[in-house]
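Subject: Structure handover

Hello,

Here is the structure for your files. Please open it first, then read the notes below.

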Amino acid sequence: MHPFCCVSTVSDHSPAKHSATAFLDIHSMPPLPAATSARSDPNNNNNHNTNGECGRLSQSRATASVASQSAREQPVDVKINDIVGNGISGILYKWVNYGKGWRPRWFVLLDGVLSYYKIHGPDKIVVNQETEKGSKVIGEESLRRISRRSRTSLPQQNLPRKPFGEIHLKVSSIRESKSDDKRFSIFTGTKRLHLRAETREDRIAWVEALQAVKDMFPRMSNSELMAPINNVPVSTDKLRQRLLEEGVSEAAIQDSEQIMRAEFTALQSQLVLLKQKQWLLIDTLRQLETEKVDLENTVVDESQRQFHDQGASSRLRQDKFSEASASESEDDNERVDAAEEETDDEDNTFFDTRDFLSSSSFKSNGSDFRVSSFSSDDDGLYAVESEDDIDPSMRSVGTNHSYVKRRKKLPDPVEKEKGVSLWSMIKDNIGKDLTKICLPVYFNEPLSSLQKCFEDLEYSYLLDRAYEWGKRGNSLMRILNVAAFAVSGYSSTEGRMCKPFNPLLGETYEADYPDKGLRFFSEKVSHHPMIVACHCEGTGWKFWGDSNLKSKFWGRSIQLDPVGTLTLEFDDGEVLQWSKVTTSIYNLILGKLYCDHYGTMRIQGNHEYSCKLKFKEQSIIDRNPHQVHGVVQDRHGKTVATLYGKWDESMYYVNGDSSGKGKGFESLSDAHLLWKRSKPPTFPTRYNLTRFAITLNELTPGLKEKLPPTDSRLRPDQRYLENGEYEMANSEKLRLEQRQRQARKMQEQGWKPRWFAKDKERDTYHYIGGYWEAREQGNWVSCPDIFGQIPSEQLSE
């Protein structure tokens with residue numbers, strides 16, 4: 001064990017420099033006894049060391065002891081007891097994650113160990129003058145908490161306190177933030193703890209105390225540990241003496257000594273080689289640690305700025321929906337407010353959906369499936385549902401359309417795919433816009449963002465049913481089916497980790513699906529910012545919207561924030577609007593990639609009912625992710641129906657307010673199925689495309705001749721990727737991206753979309769018509785060949 005040093009010269013910060021920092025010495029503390037050790041006494045060195053390293057170690061210990069003794073004689077030095085006393089305690093803010101942000105914790109520094117406890121929620125500890133007896137408390141907020149708690153009766157104060165985490169300073173390093181004078185971090189060798197004090201003075205006090213305790217455990221520097229061991233003296237006196245006692249001749253003794261020296265030299269050479277390898281390994285690890293620290297600091301700094309931006313946007317949303325109830329302010333997107341205090345109330349709302357959905361008391365029987373009538377066989381494209389829980393008069397709604405044969409698999413790849421490191425691509429792009437980063441084609445799926453918009457309409461039969469329910473005067477069932485439709489659009493994202501192609505300016509996509517009773521059209525209407533507009537006409541309804549997707553790399557994850565409003569208008573005049581929730585993709589560097597959707601979606605309209613759907617954010621230890629909970633309210637704010645389910649499985653509803661009944665509420669038998677996800681495709685793809693998505697880029701017989709030259713199906717790099725011709729796909733992608741660089745100049749020169757117009761008052765795009773008429777006439781004169789070769793005069797500009 002290292003000698004225990006009672007005195008240390010600790011930093012340049014004198015107590016006068018940070019006297020404003022609040023210290024509380026509740027009881028007088030006896031000074032620490034001076035530690036003495038025979039091993040650290042320079043006069044007590046009776047051991048004969050043949051190993052030079054041991055000799056240097058003893059010498060360094062003796063030097064440290066002499067330095068410590070000399071430090072005691074200098075009156076200007078500060079005793080550790082004056083800084084640390086019998087312990088340090090107080091409130092520090094600990095960085096938890098991107099969802100929770102900075103959370104207050106009660107930290108205690110005692111006996112070389114820094115422990116922290118929760119001070120909010122069911123696991124909070126009691127803090128008062130009795131529990132912190134003999135400790136020095138740092139921070140005005142910490143003092144107020146102690147004095148406030150002391151005035152109340154706390155019967156739990158004698159219970160043992162179990163820390164949520166411990167850090168042994170002997171093996172840790174402390175680093176102060178250069179960008180924030182209140183932050184610092186502690187690295188233990190396996191993890192890094194990001195901490196923030198209330199004031200700059202509090203940080204100085206904490207860092208000084210932590211460093212003082214760390215200095216009580218002196219360790220040899222890396223240069224000393226890795227120093228070469230050349231010219232180590234080897235004594236043969238004992239060997240010679242023993243051989244002389246045995247009567248061995250002088251010549252034999254000299255030979256023995258020579259053999260011993262040769263063997264020791266060879267062993268020394270091997271040790272030198274091993275130390276060199278060890279030094280190279282440590283140097284590599286040090287470089288990796290430096291990169292890791294820089295990345296973590298970047299992520300924390302950027303996420304803080306992001307939270308401030310989100311807080312501002314949350315306040316704007318609150319102003320926009322001022323009629324919402326006060327409880328809605330606890331939105332998942334408003335993370336700054338949510339980080340103020342921990343609570344488990346939300347966990348009661350999100351009960352175990354798996355238990356709920358697996359209940360045998362449901363009226364619907366999950367084992368009794370049927371396939372919609374427009375499917376060609378038992379492995380059809382569209383929704384597979386339970387029949388028993390659907391109103392008999394509604395079973396044919398949305399399913400009685402004509403049959404169109406569509407493909408069920410992608411073409412077999414021509415080439416073998418090459419592996420590419422994702423981390424090598426993103427490490428230089430942290431904090432940048434995802435749409436502006438040039439990625440190889442290996443990270444794409446053979447669909448464009450225009451086609452992804454249409455993928456949200458896979459379960460359009462829900463809108464057909466909503467229209468029919470409204471015709472029958474049942475507005476509640478209408479908005480319930482619309483809510484299920486809004487959730488169903490996320491079901492296809494499970495397992496989809498590849499990026500869709502970014503459309504070129506003016507690129508379009510049409511989907512004429514008589515087997516679904518609808519026609520869909522979309523166009524890229526702006527390059528910077530990247531905006532896609534769409535319009536769809538179904539049976540008794542119209543659906544349109546535009547989407548500006550803001551995306552960011554955060555080092556270990558990608559966050560996608562959709563900006564824009566989706567509008568649904570029924571032929572009877574009812575209009576409903578909603579916006580999408582936040583999407584994040586996690587584990588870009590290590591672990592299994594997965595995506596999650598979280599936030600609150602509000603469906604509001606001009607009739608009687610509105611709906612609020614809350615997508616629960618998935619935690620690392622969540623055994624039951626993807627939960628969605630919602631309520632339907634009338635104009636007076638009364639809850640008339642409750643929705644439960646998962647965005648990747650199914651949605652159910654219960655009449656009345658059942659949100660507060662938890663796992664065991666009594667109305668399980670009244671739950672009704674609204675939507676159930678389709679079965680996976682018979683022929684899976686490496687992109688995890690659904691049955692419906694497999695058909696989106698298909699060129700059915702006679703279709704190519706009817707399409708404009710701007711349609712996504714005619715995009716060459718996307719077609720090459722679908723066919724598995726990866727080299728050609730990469731080459732074409734680079735060519736088209738070079739062409740796309742002209743898009744900003746075109747937009748600045750007054751370029752306007754062909755089929756959509758911008759409403760300047762609402763800052764949205766609406767369909768102006770004419771596309772389907774031009775298609776019937778085959779008149780595409782106004783549509784440029786955006787996928788063709790770039791004119792040479794444009795390349796020279």
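A contact here means heavy atoms within 4.5 Å. Two remarks on the basis of these notes. This is a predicted model, so local features need pLDDT of at least 70 and side-chain atom pairs count only at pLDDT 80 or more, while totals for chains, interfaces and linings use all residues. Residues are numbered from 1 along each chain as its sequence is written, and side-chain values use heavy atoms, with hydrogens and water left out.

Lys 94

Lys 94 belongs to strand S1 (residues 88–95). Strands are DSSP runs of E with at least two residues, helices are runs of H or I with at least four, and both are numbered from the N terminus. With a relative accessible area of 13%, Lys 94 is buried. Buried means under 20% relative accessible area, exposed means over 50%, and partly exposed lies in between (1.4 Å probe, protein chains only). Setting aside neighbours within four places in sequence, Lys 94 touches Gly 101, Trp 102, Arg 103, Arg 105, Phe 107, Tyr 116, Leu 193, His 194 and Leu 195. Leu 195 is 101 residues from Lys 94 along the chain, yet their C-alpha atoms are 4.7 Å apart.

Aromatic rings

The structure has 23 aromatic pairs. Rings of Phe, Tyr and Trp (its six-membered ring) pair if their centres lie within 6.5 Å; planes under 30 degrees apart are stacked, over 60 edge-to-face, the rest tilted. Tyr 513 and Phe 692 make an edge-to-face pair, because their ring centres are 5.9 Å apart and their planes are at 65 degrees. This pair links distant parts of the chain. Tyr 513 is in strand S13 (residues 508–513) and Phe 692 in helix H15 (residues 691–694), 179 residues apart. Tyr 513 is buried at 2% relative accessibility. Phe 692 is buried too, at 0%.

One aromatic cluster is formed by Phe 521, Trp 755, Phe 756, Tyr 767, Tyr 771, Trp 772 and Trp 780.

Charges over rings

The charged end of Lys 516 sits over the ring of Phe 692, 5.2 Å from its centre. Such a charge is NZ of Lys or CZ of Arg, within 6 Å of the ring centre and within 35 degrees of the ring normal. Lys 580 lies over the face of Tyr 490, 5.5 Å from the ring centre.

Whole chain

The protein chain has 20 helices and 28 strands. Of its 797 residues, 47% count as buried. Among contacts with a separation of 6 or more, 65% come from residues 24 or more positions apart.

Best wishes
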